[in-house]
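Please keep the sequence and the three-dimensional view at hand while reading.

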Amino acid sequence: MSTRKHTALPKAQTLIEALPWLTRHHGKVVVIKFGGNAMVDDELKAAFAQDVVFLHHAGLRPVVVHGGGPQISAQLDRQGLVSEFKAGLRVTTPEAMDVVRMVLAGQVQRELVGLLNQHGPLAIGLTGEDAHTITARQHRPEIDGELVDIGRVGEITDIDTGAIEALLADGRIPVVSSIARSADDTHVYNVNADTAAAALAAALGAETLMVLTDVEGLYEDWPHSDEVISRLTAQQLEKLLPELASGMVPKMEGCLYAVRNGVRTARVIDGRVPHSILLEIFTDEGIGTMVVLDDSVRPRRTVTTDETTTTDETTTEDRNTTEGGTR
């Protein structure tokens with residue numbers, strides 16, 4: 001008697017492939033920085049929300065952190081306020097800060113919370129101001145040897161995870177806008193969302209930090225090659241930082257900070273690919289660039305299921321073979 005061929009069998013095989021990754025990440029905090037094209041494309045936004053809800057129902061504990069550069073620039077234009085940048089950072093006057101606060105907490109966050117809550121009563125929005133979640137002081141970048149005042153741009157000084165942990169314990173998905181309370185006055189600060197996500201990931205003891213970008217990952221030898229570096233140690237990344245394009249610097253600095261402060265892996269992934277989060281976490285190949293602590297420091301850790309045994313080192317070697325290797 002022959003077994004009937006089931007056309008849905010590949011779906012079962014895909015689910016089985018995800019099993020060791022589900023086991024590894026079950027109950028773990030995953031901090032995801034939402035940004036890039038995924039923030040402005042309706043289909044990508046919907047796919048992002050589906051991915052985050054999937055992680056939640058799969059037993060992970062996602063925390064979403066977002067900025068909103070394009071939306072802030074558009075609103076400043078509508079109000080006749082000039083967008084000026086110095087040292088890659090937005091000069092944030094008190095008037096501009098009012099717009100930043102309104103757009104991040106009142107527009108971008110509300111839309112994302114709404115998309116997540118289409119799948120159930122899950123997401124709750126907060127900013128770094130709430131419950132002292134993020135505290136900052138004024139950041140003064142150095143330009144041509146001098147410290148420059150760029151307004152209400154903050155440098156994070158403290159993280160209080162109490163509110164986020166309470167939400168996670170209640171089975172919710174926190175959505176955090178990258179606005180910080182001031183450490184020394186009654187104002188608030190605009191903080192870089194990549195930096196905020198990394199700081200929160202470290203403070204929460206997250207398993208993974210994921211940063212969505214508009215590129216495939218960190219390139220091996222851009223612009224001469226489009227090979228993506230699949231995996232980097234912190235030491236390798238530190239050597240590369242001076243060579244990186246300005247837009248990638250805060251993302252990769254955030255990844256470096258995260259893995260050196262207790263986060264197991266940090267990943268930069270292509271947010272232009274629908275469901276890139278699921279591809280990165282639950283498949284052997286992965287997608288994008290993964291940063292780990294130096295191999296000599298990070299111990300191997302094995303995950304065993306009834307049918308599968310895998311280690312982080314095996315996984316990263318496989319990814320190096322398929323995605324172009326490391327420097």
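Helices (H or I, at least four residues) and strands (E, at least two) are taken as DSSP runs and numbered from the N terminus. The model is a predicted one, in which local features need pLDDT of at least 70 and side-chain atom pairs count only at pLDDT 80 or more, while totals for chains, interfaces and linings use all residues. Residues are numbered from 1 along each chain as its sequence is written, and side-chain values use heavy atoms, with hydrogens and water left out.

In these terms the protein holds 10 helices and 18 strands. Of its 327 residues, 52% are buried, where buried means under 20% relative accessible area, exposed over 50%, and partly exposed in between (1.4 Å probe, protein chains only). The accessible surface amounts to about 15500 Å², and carbon and sulfur atoms contribute 50% of it; such areas come from the Shrake-Rupley method with a 1.4 Å probe, and for residues only the protein chains shown count as cover. A contact requires heavy atoms within 4.5 Å. Among contacts between residues at least 6 apart in sequence, 74% join residues at least 24 apart.

Rings of Phe, Tyr and Trp (its six-membered ring) are paired if their centres lie within 6.5 Å; planes under 30 degrees apart count as stacked, over 60 as edge-to-face and the rest as tilted. This rule gives 2 aromatic pairs. Phenylalanine 34 and phenylalanine 48 are stacked, because their ring centres lie 4.2 Å apart with the planes at 25°. The former belongs to strand β1 (residues 29-34) and the latter to helix α2 (residues 42-57), so this pair ties together parts 14 residues apart in sequence. Phenylalanine 34 is buried, at 3% relative accessible area, and phenylalanine 48 is buried at 3%.

Phenylalanine 54 and phenylalanine 282 form an edge-to-face pair, with 5.9 Å between centres and 65° between planes. Since phenylalanine 54 lies in helix α2 and phenylalanine 282 in helix α9 (residues 276-282), the pair ties together parts that are 228 residues apart in sequence. Phenylalanine 54 is partly exposed at 40% relative accessibility, whereas phenylalanine 282 is buried at 6%.

A ring also takes part in a contact with a charge. The charged end of arginine 152 sits over the ring of tyrosine 189, 4.1 Å from the ring centre; the criterion is that NZ of Lys or CZ of Arg is within 6 Å of the ring centre and within 35 degrees of the ring normal.

Which side chain makes a polar contact with the side chain of threonine 208? The partner is threonine 265, at 3.1 Å. A polar contact is a pair of N or O atoms within 3.5 Å; within protein, one must be able to donate a hydrogen and the other to accept it, and residues adjacent in sequence count only if both atoms are side-chain atoms. Threonine 208 lies in strand β13 (residues 208-213) and is buried, with 1% relative accessibility. Beyond its neighbours within four places in sequence, threonine 208 has contacts that include His25, Val29, Val263 and Arg267.

Helix α3 (residues 69-78) has Gln71, Ile72, Ser73, Gln75 and Leu76 buried. These buried residues pack against β4 (89-90) and α4 (94-117). An α-helix has 3.6 residues a turn, so residues three or four places apart point the same way. After α3 comes glycine 80, with a positive phi near 75°.

Strand β6 (residues 134-138) has two described partners. Two strands are said to pair if DSSP finds at least two bridges between them. With strand β9 (residues 154-159), β6 pairs in the antiparallel sense over 5 bridges, and glutamine 138 has glycine 154 of β9 as its bridge partner. With strand β11 (residues 179-182), β6 pairs in the parallel sense over 2 bridges, and threonine 135 has arginine 181 of β11 as its bridge partner.

Most residues other than glycine have a negative phi, and most peptide bonds are trans.
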